[in-house]
Amino acid sequence: MQRKTFDGMNCSIARALDQVGEWWSLLIIRECTLGTTRFDEFQERLGIARNILTSRLNRLTELGILEKSAIEGHERRQGYRMTPKGEELFPVLLALLQWGDKWAPGPNGGSVRYVERENGREVAPVGPKSADGRPLGLRDLRMMPGPGATASTQARIDARNAAVLGESEAQGADH
């Protein structure tokens with residue numbers, strides 16, 4: 001069965017999901033953050049079928065999220081590592097981990113904690129922050145059109161700001 005594609009949607013979230021929204025893809029990227037590089041390691045750690053793993057690794061490589069590289073000590077063997085594009089997904093994974101620890105924890109809580117390498121302090125929750133560092137939530141942010149906005153995007157932004165912030169179009173335009 002062919003999966004629906006979102007690449008025609010005028011939405012950055014939908015287009016990002018086209019690249020990494022399939023759960024095996026994010027788990028493969030998670031494994032890369034844990035130092036996994038070899039096909040057999042991915043397969044063993046994830047319990048994923050070889051054909052699906054091959055397909056996902058090829059897709060992530062094609063998209064420039066992963067790249068093939070020689071395995072240290074085995075220059076004839078290829079492994080996978082994250083590209084800078086792939087590494088920029090780390091905050092997304094960290095946000096999912098933090099959300100999961102809060103809303104879908106295991107019976108004994110979260111299994112992993114991230115702390116700063118330099119001082120051992122726990123990492124703060126991932127999310128938008130104000131210029132002075134205050135955490136910002138859904139109702140603290142107004143949506144504004146970006147350079148790729150269309151008339152329908154503007155209508156959705158206006159509807160969102162009205163529903164979430166209680167603002168009319170005129171109020172949004174004043175800011």
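Analyst: Let's start at A124, which counts as partly exposed because its relative accessibility is 45%; buried means under 20% relative accessible area, exposed over 50%, and partly exposed in between, using a 1.4 Å probe and protein chains only. A quick word on the ground rules: this is a predicted model, where local features need pLDDT of at least 70 and side-chain atom pairs count only at pLDDT 80 or more, while totals for chains, interfaces and linings use all residues. Residues are numbered from 1 along each chain as its sequence is written, and side-chain values use heavy atoms, with hydrogens and water left out.

A124 sits in the loop between α6 and α7 (151–165). Helices (H or I, at least four residues) and strands (E, at least two) are DSSP runs, numbered from the N terminus. The backbone oxygen of A124 is 3.2 Å from a polar atom in the side chain of Q98, and Q98 belongs to helix α6. Going by C-alpha atoms, A124 and Q98 are 9.5 Å apart in space and 26 residues apart in sequence. Skipping residues up to four places away in sequence, Q98 touches V123, A124, P125 and V126; contact here means heavy atoms within 4.5 Å.

Now follow helix α6 to another partner. The axes of α6 (residues 90–103) and helix α2 (residues 23–33) come within 11 Å and cross at roughly 105°. Those axes are lines fitted to C-alpha atoms, for helices over the stretch in contact, and angles run from 0 to 180 degrees between N-to-C directions. So α2 and α6 are roughly perpendicular: that label covers 65 to 115 degrees, with under 35 roughly parallel, over 145 roughly antiparallel, and the rest oblique. On the α2 side the contact uses L26, I29, R30 and T33, and on the α6 side F90, L93 and L96. Sorted by class, that makes five nonpolar residues, one polar and one charged. Ala, Val, Leu, Ile, Met, Phe, Trp, Tyr, Cys and Pro count as nonpolar, Asp, Glu, Lys and Arg as charged, and the others, Gly among them, as polar.

I65 counts as buried because its relative accessible area is 2%.

The side chains of E31 and T36 are joined by a polar contact of 2.8 Å. Such a contact is a pair of N or O atoms within 3.5 Å; within protein, one must be able to donate a hydrogen and the other to accept it, and residues adjacent in sequence count only if both atoms are side-chain atoms. Beyond neighbours within four places in sequence, E31 is in contact with T36, F42, R45 and L46.

Finally, C32 is buried as well, at a relative accessible area of 11%, whereas C11 is partly exposed at 28% relative accessibility. The structure holds zero disulfides, a disulfide being a pair of cysteine sulfur atoms within 2.5 Å.
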